[in-house]
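I opened this notebook to record what I looked up on helices in the structure shown below. The entries follow in the order of the search.

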Amino acid sequence: MPDPDVSQSRVLITGAAGGLGSALASEFVKQGWKVALCDVDRDAVEALAGRMKARGGDVLSARCDVTVESELIKLRELCEAEWGGLDVLINNAGIASMAAIHKEPLDRWQRLVEINLLGVVRGCHFFVPLFKQQGSGHIVNIASIAGVANTPYMAAYNATKAGVISLSETLLVELKPSNIGVTVVCPAMFKTGIAQGASIDNPKLLGALEAEMEKSPISADDIARQVFSAVQRKQFMVIPHRASRWMWRVKRVSPALYRRLFLKH
Ligand SMILES: NC(=O)c1ccc[n+]([C@@H]2O[C@H](COP(=O)([O-])OP(=O)(O)OC[C@H]3O[C@@H](n4cnc5c(N)ncnc54)[C@H](O)[C@@H]3O)[C@@H](O)[C@H]2O)c1
C-alpha cells in the first residue's frame, strides 16, 4: 500500500494523455503522489507531463502501447530504476466501438480485445511480480458499466469490459494473500475524447453515444476523485454514476426485470 509519507507514493497510469487518464493523473498529483504517465500518443503524454511538472508535479512520462509486451516490461523497469518500485498501477487505456454484431468487422473485435482486455491483462501480468517482490501493491482496472449492462450494438466493447470485471474479481481473491489490492471501476458514459477515436460507422449510433456522454451528471474529474478514495479505502468495485448503481442492483436481484426496465426487452 501507499507509503504513509504520501510524497513517496507512486502511481502509474496507462492511457494517461487524455480523458479519464489525465484526470486521474491530476488527482494523484494534487494529492502529492509521484505519477508516471504513459500513453501510445507520445507527444500528447509528454506535453501533459510538461504542464504538470511546470505546476510542481513529480511526474515521469513514457510512450507505452498496451498491446506491446516489451513496452510494459520497459515501464516496470522504468518504475524500478526511477522510483525503486510502484504502489498503484491503473490500467486505464481503452478504446470504444459500436456496431451491430454482423456489421462489426472481426479485425475491430480483435483490436478491442487487444487493447481493452489484453492490455489490462498485460499490465497485471507484468506488474504483479514486482508487487509480490515488494510485498504490497494495488491494481486499478478501468472497466465500464457496459460490462454489466450489455446494451445492444456494443457487443465487442461490452464483452471486453465484462472480461475486465471478471479478471478483477479473480485477482481480488487470488492476490489477497500477497497483500495486493484490486479495484475495478465501472463508469457509465461521461465526457472525454473517446467517441472521436471510436470505430463507429453508423452516424445514429455515434450521435447516441455523444448525446449520452453530454448528459453525464459527473465528469472525469469526479470519477478520478472517487478512484483515489477507493484506493485509499481498498474498495473493490466503484460504480461512479448513481443511476448505474441502481441498475446494477436491479440486475443482480432480477435479470428479467433489468431487461424489461432498462433494455425495453
Ligand atoms: N468516456 C466514457 O464514457 C467511458 C465510460 C466507461 C468507461 N470508460 C473507460 O475509461 C477509460 C479511458 O477512456 P476515456 O474515455 O478517457 O478515453 P480517451 O480516448 O479520452 O482516452 C484514452 C487514452 O488511451 C490512449 N490509448 C488508446 N489506445 C492505447 C494503447 N494501445 N496503449 C496505450 N494507450 C492507449 C489514448 O491515446 C487516450 O489518451 C477506457 O478504458 C474507457 O473504456 C470510458
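I took helices (H or I, at least four residues) and strands (E, at least two) as DSSP runs, numbered from the N terminus. The model is predicted: local features need pLDDT of at least 70, side-chain atom pairs count only at pLDDT 80 or more, and totals for chains, interfaces and linings use all residues. Residues are numbered from 1 along each chain as its sequence is written.

Entry on H8. I found that Lys234, which follows H8, has a positive phi, near 55 degrees. Helix H8 (residues 220-233) has 14 residues and spans 20 Å from first C-alpha to last, close to the expected 20 Å (1.5 Å times one less than the number of residues).

I then listed the buried residues of H8: Ala220, Ile223, Ala224, Val227, Ala230 and Val231 (buried means 20 or more other C-beta atoms within 10 Å of the residue's own, exposed 12 or fewer, partly exposed in between, with C-beta atoms placed from the backbone). Down the axis of H8 they fall within an arc of 120 degrees, so they line one face of the helix (the arc is that of the directions from the helix axis to the C-beta atoms). On the other side of H8, I noted Ser229, Gln232 and Arg233 as exposed. The cover over the buried residues includes helix H1 (19-30) and strands S4 (88-91), S5 (137-142), S6 (180-185) and S7 (237-238) (contact means C-beta atoms, placed from the backbone, within 7 Å).

Note on methods: Two residues are in contact if their C-beta atoms, placed from the backbone, lie within 7 Å.
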